[in-house]
Amino acid sequence: MSSSALSASATPPAPSAADDPTAPSGPTAPTVPTASALPGVPAVARVWPVGSRPPVVRGWEPPATPYARGHRGVDLAAAPGALVRAVAAGRVSFAGPVAGRGVVAVELAATGEPPLRTTYEPVRASVRAGDRVVAGQVVGTVEPADSHCTGGCLHWGLLRGETYLDPLALLPPWLRRRLPARLLPVLGVPLP
C-alpha cells in the first residue's frame, strides 16, 4: 500500500453535526445521553452497596428515549435482610416508600451541580431524610421483592438531576475488578 493511500485511510472523517453532542437537537427529538456524551461521573464510591463484590444480576440498559423501556440502574444479588450501605459520603434526600417499595436516596457530597444522587430499593430504611452519611454507613436492609429478581436483589440507581446514569461508573477500578489469588515469592527462604 502506498504512503498516500495509508495516510488517506488513517485520516478520520470530518465530524458531522450528528456526531457533536453539543449540537442542538430539535424539539421533536428527545435525547438520552450516549456513553460518550454522559456528564462526568467521578469514581467516588468507597464500598459496594451490598456485600464486597456482589454479582450483577442485571446491568444498566439506558433507554433509547427518555420514556422508552430500559433498565435505569443495576440489580445486585442480595438476600432479604442484607445490609445496604451508602457507597460514598452525602446527605439522605429521601427515605420512604415509593409505589409500595422502600427507597433510600443519597445526594453525594462534592459531585457538582446538580449533585449526583444514588438510589437503593427495595430497602427498609434505617436513616431519615436530612441525615448525613459516610461511605460504608448502613442506610437500611434489603426487603423481600415481589418479582423484580428471583432470589433477591438490590436495585442501585444513579442520577444527576433527572438524567439516569450507570451507577457502576462510581466504582474506582480497584473496587470493580475481581483479581485472582496470586502466590508471591517469600524472600530469604531456601528452595526445597
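Of the contacts in the protein with a separation of 6 or more, 63% are between residues 24 or more positions apart, a contact being heavy atoms within 4.5 Å. The model is predicted, so local features need pLDDT of at least 70 and side-chain atom pairs pLDDT 80 or more, while totals for chains, interfaces and linings use all residues. Residues are numbered from 1 along each chain as its sequence is written, and side-chain values use heavy atoms, without hydrogens and water.

The secondary structure consists of two helices and eleven strands, in the order α-β-β-β-β-β-β-β-β-β-β-β-α. Helices (H or I, at least four residues) and strands (E, at least two) are DSSP runs, numbered from the N terminus.

Of the 192 residues, 31% are buried. Buried means under 20% relative accessible area, exposed over 50%, and partly exposed in between (1.4 Å probe, protein chains only).

The protein has four salt bridges, each a side-chain nitrogen of Lys or Arg within 4 Å of a carboxyl oxygen of Asp or Glu. Among them are these:

| Pair | Closest N and O atoms |
|---|---|
| E107 and R91 | 3.1 Å |
| E121 and R101 | 3.4 Å |
| R124 and E143 | 3.7 Å |

E121 in strand β6 (residues 116-121) and R101 in strand β5 are 20 residues apart. R101 is buried at 19% relative accessibility. R124 is exposed at 53%, whereas E143 is buried at 18%.
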